[in-house]
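Student: I'd like a close look at a single part of this model. Could you walk me through it, with the cut-offs spelled out?

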Amino acid sequence: LTGNSLKITNNPSASNIDLSVYLDNTDHQNLTLSDNELSIAGGNSIDLSSFKDNTDNQHLNLTGNSLSIDNGNNVDLSPYLDNTDNQDLSLSGNSLSLNGDATAVDLSLYLDNTDSQHLTLTGNSLGIDNGNTIDLTPYLDNTDSQDLSLSGNTLSLTGDASGVDLSSYLDNTDNQDLTLSDDELSISRGNSVDLSSYLDNTDSQTLDLTSNSLSITGGNDVDLTPYLDNTDSQTLTLSGTDLTISGGNSINISSINTDSQDLSLSGTELSIAGGNTVDISSIDTDAQTLSLADNSLSISNGNDVDLSPYLDNTDNQNLSLSGTDLTIT
């Protein structure tokens, strides 16, 4: 770790990881350890001597490929050297292996049975199993009211003079465009998504109305009854020149002057004043003929009329025809 840059050694091609984005720069507190005394900047000190389990004096030493521990054995690491970056560590129980090598390191002698310890927090008091408690009240810095603000590309936190420049995280993707070709949706400088699975072929849906129920194929029904307003019983009334519809408004129709319209006949052309002309030559009324057989009066291409009720048993009755008017004296 150099500054905020984390890297792995013996691998020139490995990239570094910038941890600065994970730092919120609000702590500014430093821990120091003097003998068994752990101190925090601006806070109190804790005596850690009660947590010593006599393993603190152990040190790992590496000489060449030989790994040793104080008061313990040596482990020859040369079988684990393969000069590749593909080395993998695996842990089975307390046995640590490298790259599936049959030779494993037993870690049990380095375990001091402290794995069963648990931290508990009650109020501001932090406790550990079989140990002491620490009052964390001095570490509360009332930062809950801190606010983030963004000015340009600089992100700032209230109460902190420093800011974080976010410009390096901008990738100018605001200009990205969506395009649709057939069923393929694409975004500029990005990937494509096949939308065909979202097509449900609803173009063939049909609306059907039964009574007041409107339905669509493959869908639900809608009851249209609430939308009926019983306007079928509306009635038109005319008072003077005001035309009114029941439940609605009135219209003054005085501007519509129909009294001046006249019919005129010129030859076979029938005209109406202010309107159109109709050719009535196809209407042949002269071909109709009346005929009388006994008491039955007939008209050509028409019906028969029984005249017997009109007989008054006198010889003085005469029929006369004037145009299409039949007269009996």
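Student: Is Asp-183 buried, exposed or partly exposed, and what is its relative accessible area?

Tutor: Happy to take that one. Asp-183 is partly exposed, at a relative accessible area of 32%. Here buried means under 20% relative accessible area, exposed means over 50%, and partly exposed is in between, with a 1.4 Å probe and protein chains only. Before going on, a word on the basis: this is a predicted model, where local features need pLDDT of at least 70 and side-chain atom pairs count only at pLDDT 80 or more, while totals for chains, interfaces and linings use all residues. Residues are numbered from 1 along each chain as its sequence is written, and side-chain values use heavy atoms, with hydrogens and water left out.

Asp-183 sits in the loop between strand S18 (178-181) and strand S19 (184-187). Strands are DSSP runs of E with at least two residues, helices are runs of H or I with at least four, and both are numbered from the N terminus. The loop between S18 and S19 also holds Asp-182. Asp-182 is exposed, with a relative accessible area of 73%, and has a positive phi of about 55° although it is not a glycine.

Now to the charges. Asp-182, Asp-183, Glu-184 and Asp-194 form a negative surface patch. Patch members have over 30% relative accessible area and no salt bridge, and like charges are joined within 9 Å. A salt bridge would need a side-chain nitrogen of Lys or Arg within 4 Å of a carboxyl oxygen of Asp or Glu. Asp and Glu count as negative, Lys and Arg as positive, and His and the chain ends are not counted. The place of a charge is CG for Asp and CD for Glu.

Ser-211 lies between strand S21 (207-210) and strand S22 (213-216). Ser-211 has a positive phi of about 60° and is not a glycine; its relative accessible area of 68% makes it exposed.

For a contrast, take Ser-68 in strand S7 (residues 66-69). Ser-68 counts as buried, at 17% relative accessibility. Leaving out residues up to four places away in sequence, Ser-68 touches His-59, Leu-60, Asn-61, Asn-73 and Asn-74, a contact being heavy atoms within 4.5 Å.

Finally, the setting: the chain has zero helices and 34 strands, and 7% of its 329 residues count as buried.

Key: Patch = residues over 30% accessible without salt bridge, like charges linked within 9 Å, V, L, I, M, F, W, Y side chains within 5 Å. Areas by Shrake-Rupley, 256 points an atom, 1.4 Å probe, with all protein chains shown as cover.
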